[in-house]
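Hi,

Here is the structure I said I would pass on to you. Have a look at it first, and my notes on the salt bridges and the chain contact follow below.

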Amino acid sequence: MTKLSEQQYQVVVKSVADKKALPGALLPILHDIQDQLGYIPKAAIDIIAAGLKQTAAEIYGVISFYHHFRLDKPGNHLVEICRAEACQAMGSEALEQEIKSKLGIDYHQTSKDNNVSLEPVYCLGNCACGPSVKVGERVYGRMSGEKFSQLMDKLSTYVVELGQGENHAS
Amino acid sequence: MPVKIYIPCDTTALAMGADEVAKTVEFQSREAGLSADIIRNGSRGLFYLEPLVEVATARGRIAFGPVEPEDVPGLIETLMEHGDVFEGKHPLYLGLTEEIPYLARQQRLTFARAGIIDPFSIADYQAHDGFEGLKRALALIDSAGPQGIVDEVKNSGLRGRGGAAFPTGIKWQTVLDTPAEQKYIVCNADEGDSGTFADRLLMEADPFTLIEGMIIAGLAVGANQGYIYLRSEYPQADKILNQAIKTAYAQGYLGKNIQGSGQHFDLEVRLGAGAYICGEETSLLESLEGKRGLVRAKPPLPAIEGLFGLPTIVNNVISLASVPVILAKGGDYYRDYGMGRSRGTLPVQLAGNIKQGGLVELAFGETLHNLVFDFGGGTFSGKPAKAIQVGGPLGAYLPQAQWHTPLDYEAFAANNAVLGHGGVVVFDTSVDMAKQARFAMEFCKIESCGKCTPCRIGSVRGVEVIDKIISHDNQEQNLELLNDLCDTMELGSLCAMGGMTPYPVRSVIEHFSGDLLKTVTGNEQQE
Ligand SMILES: Cc1cc2nc3c(=O)[nH]c(=O)nc-3n(C[C@H](O)[C@H](O)[C@H](O)COP(=O)(O)O)c2cc1C
Ligand code: SF4
Ligand code: FES
């Protein structure tokens, strides 16, 4: 198990301390950690367990039950394709194939350049304007392979710029 | 005076580019020297027209849509030139929003304010009859006690809109009658069914209605703590709800001594984490308690032993959001809409391969055919429709012969179908129904909570057997096996996840066997 970085450790400890008094605190804690770190590092499990006076197995059991929580670090962009019926009716199956082959990855994988992680999702509530894809917090309707490529181009440019900005700062 | 321009900020409007349109409107009006006040309202639910931009005029709000950023300069120009009378002067002109037939023909009770008000403004909510129901509930508490509120809900005939259609008043009565130190109101905002978005739209367009409904529920049963269990797939609803709750606290509608009444109610949003089964009420409660979302055996009912073992109301978003109008206008008023034992209105969601998708709120009794072909305008692709799935992934696929069924819980049950949460998903002739049957089993396999064998193992076997049928491996025997498996799942499962997965599968066997058995019977797919 890789150790937590100092920053990760601080995030985990603070989340647990802030929220452990809530009734049913575990999901709020897991959300908080994943929102800040992008995933729940395995090394965080023992800290959460100790804070909630539960076993590590119990915490792991909860994390693994829910599709939303992840134990591995995602790429720069989390792309979720809706696989549910209303989107199927608008050709989401073909779209899935197209996006997978464009990115060269399957579901639950991250692209080699670490730009994109791909996950299936079952309904985004945008079923009147499918097929739907979510990138980060944002949903896109009437998605097509071509529109997706344009979107990815825009997002990669953005990341490159952002990356440079960060380099300057450090 | 600045001209008021409304641009929705609900998920679908955003998914269709509403933020880009809003930015362009802001920039272009500044460039043109037009003083504009941009209001980010919720959507009216006419999703096929999103982004729907409205301009306030002396005649009322005028709609344009669907607007793309490149349409904005022309729109602003028309506005500058013609002011209030730009009738027909713009290709995207739709006339008075209220007169668009899709909207004008609806019977909006629960969604009466959706898209009209600014979801972030409590003043706007109050100006549109907001909190009238709460006022009446507080008066009832003084005159008739909590029972007075419960009686009003009973009288309305409201049945839960989350799927099971259980009478809401009776559930509330049980919680009221169960003595306990602490009780809870839990709003089921998990809305996992494909083809449904009514809960999301309500929360994003008119969040105070849900908050008001939950406060009233708390008064009715003596609960001072509420939770909204919201699915994590809805970040925009999360943002809007949290903002609304904050405002409600600041304005004395939540917390201690609500509006000086001495009553107390606290409310919090809790996020789910991408598990369909957490829409099932007992699984939802487990999840709220911080556990894996495993379904609990019933009894005990959540009304008696619910969250943390205490009496709990679990109601769907729409059920709770229908309570304010019931209190404000009286149970009789609500009850007068509908047919048979299905009283009031049903927010129907038109989705999938449909030209004019969106939300249609109507009294029970309208036919599926009228909804899909009148309101919906038929398929998006222009090909003939072949199957309509109603009620989410556990609902049956209806063949053409059943499209004249009126929307009514009992009428659907008579067809071995369900209304569920009112989601209507249209498929055109390019659909392969064998694949849809397979997907039903696959979905159950992915989303089963795993507690009982018929569902956990049955769904895995279900996928295998359907694969065999599709590849013509002993088709007849395997079809028989599939029927047996459906029986086992239906009769042996602990909850409706395993118990209802056979509904879509059986509807395919019964009505679309041509697709399932195609090459063997020589049936080519009909195009
Ligand atoms: C597998 C499964 C999923 C469900 N999903 C939802 C849901 O997403 N939203 C909902 O309100 N009810 C859902 N229900 C129904 C709830 O269990 C429960 O009946 C409902 O929340 C009660 O509220 P109501 O009486 O207001 O309908 C689901 C039930 C099952 C069996
Ligand atoms: S039917 Fe499926 S989801 Fe329901 S309790 Fe059994 S295993 Fe869990
Ligand atoms: S089915 Fe894809 S968004 Fe609802």
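In chain A, the side chains of E80(A) and K134(A) form a salt bridge, with 3.9 Å from N to O. This pair connects distant parts of the chain: E80(A) sits in strand β1 (residues 77-82) and K134(A) in strand β4 (residues 133-135), 54 residues apart. Both E80(A) and K134(A) are buried. Please keep in mind that this is a predicted model.

A second salt bridge pairs R138(A) with E20(B), at 2.9 Å from N to O. Because R138(A) belongs to strand β5 (residues 138-140) of chain A and E20(B) to helix α2 (residues 18-32) of chain B, this pair joins two chains. R138(A) has 23% relative accessibility and so counts as partly exposed; E20(B), at 29%, also counts as partly exposed.

How accessible is each partner? E26(B) is partly exposed with a relative accessible area of 43%, while R30(B), at 56% relative accessibility, counts as exposed.

Over all chains, the search of the whole structure gives 36 salt bridges, and three of these cross the interface of chain B and chain A. There is also a network of salt bridges that links R83(A), E96(A), R438(B), E442(B) and D467(B).

Now to the contact itself. Chain B brings 62 residues to it and chain A 39 residues. The area buried between the two chains is about 3800 Å², with carbon and sulfur atoms giving 57% of that. On the chain B side, A273(B), R292(B) and F439(B) supply 14% of the area that chain B buries against chain A, more than any other three residues.

Between chain B and chain A, 25 residue pairs are in polar contact. Elements giving two or more residues to the side of chain B that touches chain A include α1 (11-15), β12 (345-352) and α17 (433-447) of chain B. The largest share, seven residues, comes from α17(B). By type, the residues on this side of chain B divide into 30 nonpolar, 19 polar and 13 charged.

Finally, on confidence: chain A averages a pLDDT of 92, and 91% of its residues score at least 70. Over residues 161-170 of chain A, however, pLDDT stays under 50, and the model has zero contacts there beyond four places in sequence.

Best wishes

Definitions and conventions
Residues numbered from 1 in each chain as written. Chains lettered and ligands numbered in written order. Predicted model: local features only at pLDDT ≥ 70, side-chain atom pairs only at ≥ 80, totals over all residues. Heavy atoms only, no water. Contact = heavy atoms within 4.5 Å. Buried area = accessible area lost by both parts, 1.4 Å probe. Salt bridge = Lys/Arg side-chain N within 4 Å of Asp/Glu carboxyl O. Polar contact = N/O pair within 3.5 Å; in protein donor to acceptor, adjacent residues only side chain to side chain. Helix = DSSP H or I, 4+ residues; strand = E, 2+ residues; numbered from the N terminus. Nonpolar A, V, L, I, M, F, W, Y, C, P; charged D, E, K, R; others polar. pLDDT = per-residue confidence, 0-100. Buried < 20%, exposed > 50% of the residue type's maximum accessible area, 1.4 Å probe, protein only.
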